[in-house]
Amino acid sequence: MREQNESSALTSGTIEAEAGHAGASPPSPLMVQYLAEKEKHPDCLLFFRMGDFYELFFDDAKKAAAALDIALTARGEYRGAPIPMCGVPFHAADAYLARLIRADFRIAVCEQLEDPAEARKRGAKSIVRRGVVRIVTPGTLTEDALLEPRTHNWLLAFAFVGKEVAIAAADISTGALESIALAPGDLMHEIMAFAPSEALYAENESARPGMQEILRLLAARQTALVPLSAAKANPRAGERRLLDLFEAGTLGAFGDFGKAELAALGMLVDYIALTQAGMTPRLTPPRRRRDGSFMAIDAATRASLEIDRNLRGERKGSLIHAVDRTVTAAGARLLGRALGRPLMDLAEIRERHDGVGFLLERPGLRADLVRALKAAPDLTRARMRLALGRGGPRDLLTLQRALTSGDVLAALLLEEGLDLVPDVLAKCARALSFARNPGLGRLAQELAAAIHPEPPFLAREGGFIQKGYDPALDSHLALRDDSRRVIAELNTRYCAETALSSLKIRHNSVLGYYIEVSARQAETLLAAPFTARFFHRQTMGSGVRFSTAELAELDRAIARAEGEALAREIHLFAEFTAAVSAEEIKLAGAADAMALVDFIGGLAEWAEEMNGIRPVLDDSTLWEIEAGRHPVVAAALGRSGTGFTPNDCALDGAGEAHPRLLIVTGPNMAGKSTFLRQNALLAILAQSGAFVPAKSMRAGLVDRVFSRVGAADDLAGGRSTFMVEMVETAAILQQAGPRSFVILDEVGRGTATYDGLAIAWAVLEHLYETNRCRGIFATHYHELTALAGAGDIARAGAPAGSAAGFPAGFPALANASLKAREWKGELVFLHEVQKGPADRSYGVEAARRAGMPKSTLLRARNILADLESSGKVELLAPLPLFSGHLPSGPPDRETERESAEPAPVPDPLREALFVIDPDSLTPKEALALLYRLKEIGS
């Protein structure tokens, strides 16, 4: 119920400006309190707790009412103007907070810090003390209702100190904390790997080269951007904040942090303390990752390969969606991190492969593990809510159930024998076993005995401790429950003594227990002999209220019993919260272990479904895939009952065992893009610890994956499709190295033929000679296929380095193409990759399949035939797929016009035949058509 007698308020502005205005009535104590808190948080909507509601006033009310589509009302006046107000129920606040967060608002939650009864003790006009207990921002959420259970919610900070660059990231809902020192050029792709909900940076860095592009990309991903003062990014201040947070005398035990890392971590910790009103959560010690710990995947490649979302921004159709077989939220979060940031540590990768292989061979054990995991709620987030003081009885029950399930997992794994279980799973079993962690076992046992199976959401609601657990609580509850029985008996006795059938004993928070009768029957109690026993309390429209000395005493006894019972339950809750805090390190280890078991089990399940194999990874630059399949496309085709055509791919960065680069040509729609993407995705899967959909795979570690596939403009950035393509291609040429894997599709197709061919040619040469990376280059510029044969041409006696511009030879460059066959006038795509270049692109056939008008297709075929036969297309060199030849010098345009052959005369009979659809003709129409054709022919 909303508090009463707190209605006076100001219309707008600060206290000083408004209250000082001539003739202005002074603000009420409540509004002074409200505006004082609002003045501390001017950039937030202030959720001001008043009883069972959060109220908003002034401009906050207008903004919130519009965003939430709720009624905007008024409460009181000032200077003749109504005060805008809206409110949301306390018990349903999470749903409203979620909508406001999605609308880019920050919310300061101002809670009642004492019970209204305590305030009344200070005087009738005293108001409840209030204060902001947290600021709700996208990166600091902890409530399940506000979070996506299966993904991390990262708050990220990035800082620059001299030439150093670093990122710090925290997920407050799980306690995870990481830092990475970076090369400046790697900043953007590392930021995008986290996909943060909120990002912090020093405002004085906005003008730094490349910063605007980073901020623009983050804004496009709907990341909340928070500029902070430069003083927040001070390395020394950051070090002090970390020492205070972890109560340590030195950071040496956590790692050798650089100045930029300290600055980023300091910004992060300071911001968390600010938003949590000083109650900084117990984050795990910072996990320091060196640059190069993960495969680098830039933002464009991440989008192109659809790792965490498809091109429409949905999870369905992404790599993660195709692979995810986890059954817990924590396992799904770990899978997302693994696929988003594949490992570069061979030992760690092989450890994961060992675990997947072990469970793949044991489907029975895997099924038992899944059953245990399904009974395990989210231990990590429940633990963090309790640590922040936002937890409730349900979080304690979550801990108990999760820990119990963890012990079952440990027992299942240990049954196999520690000598057989791979190290990665053995470590998990040791972290989860009660026998090895007796503190966790005792905590789970106590919680199982104490917490009711269906507890309330909040501790202050009471009723969450089971009967029989605490004798002191039971005595209070017995008194309370017995008093209720006495009330019922007393009601029956009063009815009998007064002969008033409408007499009821009721209760409210103001009067306590009272007797209520109808106005008509009240006359009986207001007359002798009942006046000596029943005394009048209140007259209402619905009836008249009385009490007795006996009822008043019983009321006091019941109130004491209920209050003492609730106080005892809250005390027990605090004791359990302290016990949870004492086991914090062990609980964090158990939560991580449970997530890892789920992650590995899910990968084993997926490997069985996809008939996946263990990849063999090493330090070489080989890339040997036999019968590889696209993990997403193959699964989709399998569901539709259509088979996927697997393909081999053999590359070698050294250019010895296999070509370094592969030029892929072939028809549109034949599967070039799928072939390119599947190889890049196999690298990501293998280094994430997953098995891969292939017959075999041997590959050297890939430090960076680059993908330039598909076409899209960037209207917000003012860039055309071709400019986006060029920017992304330039980034690849500047960053790819010998260990990189590059896939490029149709470079140069967005501009004039000569320009595009020249760009594609130069890019191919740069990848081959300068980057020296493994890569696949798909193109419709068939002219480029001659580059792969240049070495053979030179050896056969053709002049090396001729006017055509060919180099002396590209021995580590090879051609491949997608097979297609014409069958009964139809083009059949076989989706098989074969050696050698394609003979043509079949673009007109693709246009036919797209539904191009028949007359347009006929004209296109005529033009294509003319171009191919007459050699009118100017070529840069005598290339194999065209019969025309260029003169050695530039063409004379006037001479060209004079000597040009006349355009071919259209053949009406041929055109008429082409548009006929024999299957749709009736006999009468066919006869009429014959006469028409005869007429045309004559």
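**Questions on salt bridges, helices and burial**

Student: In this predicted model, does E516 count as buried or exposed?
Tutor: The relative accessible area of E516 comes to 12%. Burial requires a value under 20%, and therefore E516 counts as buried.

Student: With which residue does R506 form a salt bridge?
Tutor: The partner of R506 is E516, and the closest N and O atoms of the two are 3.4 Å apart. The pair links distant parts of the chain, since R506 belongs to strand β14 (residues 504-508) while its partner belongs to strand β15 (residues 512-517), ten residues apart.

Student: How many residues apart in sequence are the parts that the pair R385 and D144 ties together?
Tutor: R385 and D144 form a salt bridge in which the closest N and O atoms are 3.0 Å apart. R385 sits in helix α15 (residues 379-387), whereas D144 sits in the loop between β6 (130-136) and β7 (155-161), so the separation of the parts they tie together is 241 residues.

Student: D482 and R485 also meet in a salt bridge, so by about how much of helix α19 are they separated?
Tutor: The side chains of D482 and R485 meet at 2.4 Å, N to O. Both count as partly exposed, D482 at 33% relative accessibility and R485 at 42%. They are three residues apart in helix α19 (residues 471-498), so their separation is about one helical turn.

Student: Within what arc do the buried residues of helix α3 fall?
Tutor: The buried residues in α3 (residues 58-68) are F58, D60, A61, A64, A65 and L68. Seen down the helix axis, they line one face of α3, because the arc that holds them is 125°.

Student: Which elements are included in what covers that buried set of α3?
Tutor: Just after α3, D69 takes a positive phi of about 55°. As for the buried residues of α3 itself, their cover includes α2 (29-40), β1 (45-50), β2 (53-57), β4 (81-89) and α4 (93-102).

Student: How far apart are the end C-alpha atoms of helix α25?
Tutor: Helix α25 (residues 721-735) has 15 residues, and at 1.5 Å a residue these should span 21 Å. The distance between its end C-alpha atoms agrees with that expectation, being 21 Å.

Student: Which residues does L396 touch, if those up to four places away in sequence are not counted?
Tutor: L396 is placed in helix α16 (residues 393-415), and it is buried, with a relative accessible area of 0%. L396 and P455 are 59 residues apart in sequence but 9.6 Å apart in space, C-alpha to C-alpha. The residues that L396 touches are L386, L447, I451, F573, F576 and V580.

Conventions. Residues are numbered from 1 along each chain as its sequence is written. This is a predicted model: local features need pLDDT of at least 70, side-chain atom pairs count only at pLDDT 80 or more; totals for chains, interfaces and linings use all residues. Side-chain values use heavy atoms; hydrogens and water are left out. Buried means under 20% relative accessible area, exposed over 50%, partly exposed in between (1.4 Å probe, protein chains only). Helices (H or I, at least four residues) and strands (E, at least two) are DSSP runs, numbered from the N terminus. The arc is that of the directions from the helix axis to the C-beta atoms. Contact means heavy atoms within 4.5 Å. The expected span of a helix is 1.5 Å times one less than its number of residues. A salt bridge is a side-chain nitrogen of Lys or Arg within 4 Å of a carboxyl oxygen of Asp or Glu.
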